[in-house]
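I opened the model and kept notes on a few elements, in the order I looked them up.

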Amino acid sequence: MAASLTSLYALRIGYRASPSCMTYASKAGNKSAKASTPSQFEPKIQPKGDGGDLARRLFVAAGEGEERDVVLDQLNQLKTKFKEDITFWGRFRDNKVTDEQLKAIGFSGSLEKILSQGRKEGKLQHLANLMRNYETMYKSEPRRVTAVLSTMRNLSGAELATYEKELRSGYPSIFENTIVTWKSKKDTTVLGGFTLQLGDVYIDNTTRTKLKQVEQDFLSRIDSFHQANLDYVLQNRS
């Protein structure tokens, strides 16, 4: 869920915003501490320009905290706020924002942490470049999606692998730059064939739908036939 940044003005007028102003809770605090390889959350492309290292650190921290989507949303909201309020942007650019003010805004854990580091290092003037780099790194990462394949019965691992191969061949664009977790689902209402739910993509290749299409085509032909007969009768009456 995208976090609300309604407490951003707390930074300008100097009071501490309520923690409830942001509806985001970091998953990182609920995760047990465990070692991870240094490269596990590193971006596939290296950031460029001033603030690039700060962007890379944010990307790694957001990956470790499972916050990358939320951080992107919050950065986009910050970008909009900066465009609307140059004074607000000026406090970041001049490194005049404090850790207490950053905390009061209610950023996600990783974003608050890296912005605090950037403030101490005098790098917040490069925040615009950080935003651009983060978005570029985010878009370069493969999407992690679940594919739910519904058929008349639950499929074995080998059968599911066969479907996956055929679907990747038939619909290559929807699998581009994705890491897919496959699941088999039994649905007797399909009457044959399959449906595939892949993220926000839905493919229906079921006998149920084909029969409905045949039915609709048949009824359409009947309607056309009756309309033709009616037109004929009306024409002959006159």
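I started at the hairpin that β3 and β4 form, and found two residues between the strands. Gly199 sits in that turn with a positive phi of about 60°. The model is predicted, so I note these values as computed.

I then looked up the pairing on either side of β3. Strand β4 (residues 201-206) runs antiparallel to β3, and six bridges join the two. Leu198 has Val201 as its bridge partner in β4. Strand β1 (residues 143-151) also pairs with β3 (residues 193-198), in the antiparallel sense, over four bridges. For Leu149 I found the bridge partner Leu196 in β3.

Next I turned to the helices. At what angle do the axes of α2 and α7 cross? I read roughly 45° for helix α2 (residues 52-64) and helix α7 (residues 127-140), whose axes come within 8 Å. That angle makes α2 oblique to α7. I logged the crossing of α2 and α7 as right-handed.

I listed the residues that meet there. From α2 they are Gly52, Leu54, Ala55, Arg56, Leu58, Phe59 and Ala62; from α7 they are Asn129, Leu130, Asn133, Tyr134, Met137 and Tyr138. By class, I have nine nonpolar, three polar and one charged residues in this contact of α2 with α7.

My last entry is on Arg132, which lies in helix α7. Is Arg132 buried or exposed? Its relative accessible area is 52%, and the cut-off for exposed is over 50%, so Arg132 is exposed. I also checked Arg132 against Leu75: they are 57 residues apart in sequence and 9.6 Å apart in space, C-alpha to C-alpha.

Terms used
Residues are numbered from 1 along each chain as its sequence is written. This is a predicted model: local features need pLDDT of at least 70, side-chain atom pairs count only at pLDDT 80 or more; totals for chains, interfaces and linings use all residues. Side-chain values use heavy atoms; hydrogens and water are left out. Axes are lines fitted to C-alpha atoms, for helices over the stretch in contact, and angles run from 0 to 180 degrees between N-to-C directions. Angles under 35 degrees count as roughly parallel, over 145 as roughly antiparallel, 65 to 115 as roughly perpendicular and the rest as oblique. A crossing is left-handed if the near helix is turned anticlockwise from the far one by less than a right angle, and right-handed if clockwise. Contact means heavy atoms within 4.5 Å. Ala, Val, Leu, Ile, Met, Phe, Trp, Tyr, Cys and Pro count as nonpolar, Asp, Glu, Lys and Arg as charged, and the others, Gly among them, as polar. Buried means under 20% relative accessible area, exposed over 50%, partly exposed in between (1.4 Å probe, protein chains only). Two strands pair if DSSP finds at least two bridges between them.
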